[in-house]
Amino acid sequence: MEAIYYVMSWICHRKCEHCYESRFKPYYGEEQARLISEMTSAFPKIIANLPERMTYFDLADPLPDGSLPEKRGRVILSGGEILLKQVREVMLYPAMEMLYDKYHNNGGVEITVQTTGDLVTAQIVEELLEHHVGHINVSGLDHHHDGIDPEKLQEKLTRLFEAHGMTQREQTQTQSQFRPRGTIEKGPFFNFYGAVPGSWIGELWPRGRAIENEISTATLKENFCARRSGGIDFLQYRHSGSKVSIEPNGNVYPCCAKTKAPLGCVADEPLEAILARHVGNPVYEAISMGRPERMGVSHGWSVEKFIEKSIVRLPSGKLYQNFCVGCDRFHEEVLMNRPPLVSIQRGSEKSARS
């Protein structure tokens, strides 16, 4: 595969207003200990069931003879905040070693660590490099992260990373664009991004606290399914563009925003077996083509019905419309055989369209 986004931990040092996942927050005492125990038990099983080779054939870069070059993929390890001491020492570093051992003599892998950036120190950078990090992805450069001055943090971390021999790499829409043909890169790498206007995540996914707090500005024209971290190409698991998201317990999703129901659990069976099971299914083929509005056609949901179902009433009474809402409703009403999605207004039993 080209990319696996593996959320190893729910534990975070923040509870940001814009976060797409309400489970990302601080945990304490017995609850934190329980989570760490569950997550440390799961990650060796998850890594064992990842593809035997973490490589992909690049459709965008055919060779003169028409064959496709095989390129190294990447596994992104994230949280929550993956660099918290109680997480990085018992989960992150052991997982990085397992990934290195699994792939370094079998096609290789780029191990990426994603962090908000405010916990990064020289010692942590040195430790990450010792554990074979290939890319440090700093994701907290925006106004949503209290206490972070994006410009100052970027300047500070740039000096720190460069002092450790790292090279800045621009964040683009696909990994293939990271490595244009004929370009020789010298890693390890680092990059910066945040949920700023005009960026690929600037409008915010209608998920978690972003939708609860009514700060997602995405409309129907923002098709997250067809964007980076969306479901597009997830079923092309031997070719460029292929990627999935994995939760701490091993649940697999076609996108980082996540569908209402997982595709399967990679703690229980190989990832490639999970994906192969969904190839040819019209629902998941539509997602893989970045056309979520067509996922229900084989179940009697016309595109017009999907668009209508993509509207939800927010706590303020305002109507909000995005394809992610329609995806949720289709899963709730058809795939999961549950009652229709109701308004997210807290305590309300009123239908979102009432």
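About 160 Å³ of space lies in the second largest cavity of this predicted model. A search of the whole structure finds 3 cavities of 30 Å³ or more. The largest cavity holds about 750 Å³.

**Second largest cavity**
- Its lining is made up of 20 residues.
- F224, C225, C255, C324 and C327 lie nearest the centre of this cavity.
- Helix 10 gives the largest share of the lining, with 3 residues.
- By class, the lining of the second largest cavity counts 12 nonpolar, 5 polar and 3 charged residues.

**Largest cavity**
- The lining of the largest cavity has 45 residues.
- Closest to the centre of the largest cavity are Y5, Y20, Q114, S139 and Y193.
- Five strands each supply at least two lining residues: strand 1 (3-7), strand 4 (74-78), strand 5 (110-115), strand 6 (135-138) and strand 9 (243-246).
- The lining of the largest cavity splits into 19 nonpolar, 18 polar and 8 charged residues.

- N322 sits in the loop between strand 13 (319-321) and helix 10 (323-335).
- N322 counts as buried because its relative accessible area is 0%, and the cut-off for buried is under 20%.
- A polar atom of the N322 side chain lies 3.0 Å from the backbone oxygen of E222.
- Beyond its neighbours within four places in sequence, N322 is in contact with P206, A218, T219, L220, E222, F224 and S310.
- F224, one of these contacts of N322, is also among the residues nearest the centre of the second largest cavity.

Note on methods:
Residues numbered from 1 in each chain as written. Predicted model: local features only at pLDDT ≥ 70, side-chain atom pairs only at ≥ 80, totals over all residues. Heavy atoms only, no water. Helix = DSSP H or I, 4+ residues; strand = E, 2+ residues; numbered from the N terminus. Buried < 20%, exposed > 50% of the residue type's maximum accessible area, 1.4 Å probe, protein only. Polar contact = N/O pair within 3.5 Å; in protein donor to acceptor, adjacent residues only side chain to side chain. Contact = heavy atoms within 4.5 Å. 1 Å grid on protein atoms, 1.4 Å probe; cavity = no way out; pocket = protein on both sides within 12 Å on 5 of 7 lines; lining within 4 Å. Points joined across faces, edges and corners; volume = space filled by probe spheres on them. Nonpolar A, V, L, I, M, F, W, Y, C, P; charged D, E, K, R; others polar.
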